[in-house]
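The entries are kept in the order in which I looked things up.

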Amino acid sequence: MTSRFSYRSPAVKALLDYWGSLPRHGYAPLKRDFNPMALRGSLSHAILLDIGEPDDILMRVVGTAHVNRLGKEVTGKNMLLGFEERLRPSVGLTHWLASRHPFGTFAEVEETSSAGSKVSLEVITLPLLGDTDERSFLISVGYALTNSGGHKSEARGKRLSSWHRPVVIDLGNGIPDNLPEADPDLGQSEPVLITLDDALWGFMGESCSS
């Protein structure tokens with residue numbers, strides 16, 4: 001299954017390459033060792049998530065590409081408000097587990113506006129450890145593969161609505177037993193399990209829209 005894993009986004013590759021180059025404290029780097037400027041041209045596609053509880057996932061830093069696409073500033077907001085309500089419990093728990101039992105995730109997600117226009121994004125999320133056990137972090141890059149062609153007036157109603165090609169990246173720590181199961185009724189499919197090396201070698205390098 002891992003031989004079929006691939007992605008096209010240069011921003012996803014940039015994050016994987018940089019994250020993989022950092023010293024690790026156990027299974028993940030410390031947040032203080034992560035220099036956002038090292039991502040250079042990919043920084044506008046990045047989001048830093050501050051993880052408190054499964055329902056408390058704050059977007060501490062949001063790149064301009066996301067702000068421009070959404071048509072509004074979302075820094076400091078709870079990330080889960082950008083998802084359909086029915087998806088929030090499983091998304092919240094998955095992100096919380098990824099930060100506490102460090103593992104990475106990848107998916108192609110579909111964002112749908114209130115007017116029905118859609119855009120597909122490749123999204124990679126990797127853990128960063130805080131200095132204490134009280135909070136931890138995830139660094140995420142989302143890169144648009146297609147342009148919705150919609151109007152800015154549609155942006156305020158956008159919600160992440162479905163996952164395609166979901167992947168869990170085992171960083172050497174295994175996968176937690178309580179990871180939410182895929183729910184076909186929510187458009188979710190069983191994720192492929194890969195290693196970090198699989199992820200690093202999966203770049204196809206096809207052109208994407210920004």
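The notes below go from the whole chain to strands, cores and ring pairs.

**Ground rules.** I am working with a predicted model, in which local features need pLDDT of at least 70 and side-chain atom pairs count only at pLDDT 80 or more, while totals for chains, interfaces and linings use all residues. I number residues from 1 along each chain as its sequence is written, and side-chain values use heavy atoms, with hydrogens and water left out.

**Whole chain.** I found 4 helices and 7 strands in the protein chain. Both are DSSP runs numbered from the N terminus: helices are H or I with at least four residues, strands are E with at least two. Read from the N terminus, the order is α-β-β-α-α-β-β-β-β-β-α.

I then looked up burial. Buried means under 20% relative accessible area, exposed means over 50%, and partly exposed lies in between (1.4 Å probe, protein chains only). Of the 210 residues in the chain, 48% count as buried. The chain exposes about 10400 Å², and carbon and sulfur atoms supply 51% of that area. These areas come from the Shrake-Rupley method with a 1.4 Å probe; for residues, only the protein chains shown count as cover.

Next came contacts, which are heavy atoms within 4.5 Å. Among contacts with a separation of 6 or more, 67% involve residues 24 or more positions apart.

**Strand β5.** I counted 9 of the 9 residues of β5 as buried, so this strand is largely enclosed by the rest of the structure. In a regular strand the side chains alternate between the two faces of the sheet. In β5, Ser136, Leu138, Ser140, Gly142 and Ala144 point one way, and Phe137, Ile139, Val141 and Tyr143 point the other way.

I asked which strands pair with β5, where pairing needs at least two bridges found by DSSP. β1 runs antiparallel to β5 and is joined to it by 6 bridges. β4 is also antiparallel to β5, with 8 bridges. Phe137 in β5 stands opposite Asp50 and also opposite Leu128. The charged end of Lys31 sits over the ring of Phe137, 5.1 Å from the ring centre. For this I require NZ of Lys or CZ of Arg within 6 Å of the ring centre and within 35 degrees of the ring normal.

**Strand β3.** I found 9 of the 9 residues of β3 (residues 104-112) buried. One side carries Gly104, Phe106, Glu108, Glu110 and Thr112, and the other carries Thr105, Ala107, Val109 and Glu111. β3 pairs with β4 in the antiparallel sense over 8 bridges. In that pairing, Ala107 stands opposite Val123 in β4.

**Nonpolar cores.** A nonpolar core is a set of buried Ala, Val, Leu, Ile, Met, Phe, Trp, Tyr and Cys residues joined through side-chain atoms within 4.5 Å. The largest one has 31 residues, and those with the most contacts inside it include Leu15, Trp19, Phe34 and Ile139. Elements that each supply at least two residues of this core include α1 (10-21), β4 (118-128) and β6 (159-170). α1 gives the most, with 6 residues. Apart from this core lies another, of 21 residues, among them Ile51, Ile57, Val67 and Leu80.

Ile139 has a relative accessible area of 4%, so I list it as buried.

**Aromatic rings.** How many aromatic pairs does the structure hold? I found 3. Rings of Phe, Tyr and Trp (its six-membered ring) pair if their centres lie within 6.5 Å; planes under 30 degrees apart count as stacked, over 60 as edge-to-face and the rest as tilted. The rings of Tyr7 and Phe203 have centres 5.7 Å apart and planes at 40°, so I note this pair as tilted. Tyr7 lies in the segment before α1 and Phe203 in the segment after α4, so the pair ties together parts 196 residues apart in sequence. Tyr7 is buried at 1% relative accessibility, whereas Phe203 is partly exposed at 29%. Tyr7, Phe106 and Phe203 form one aromatic cluster.
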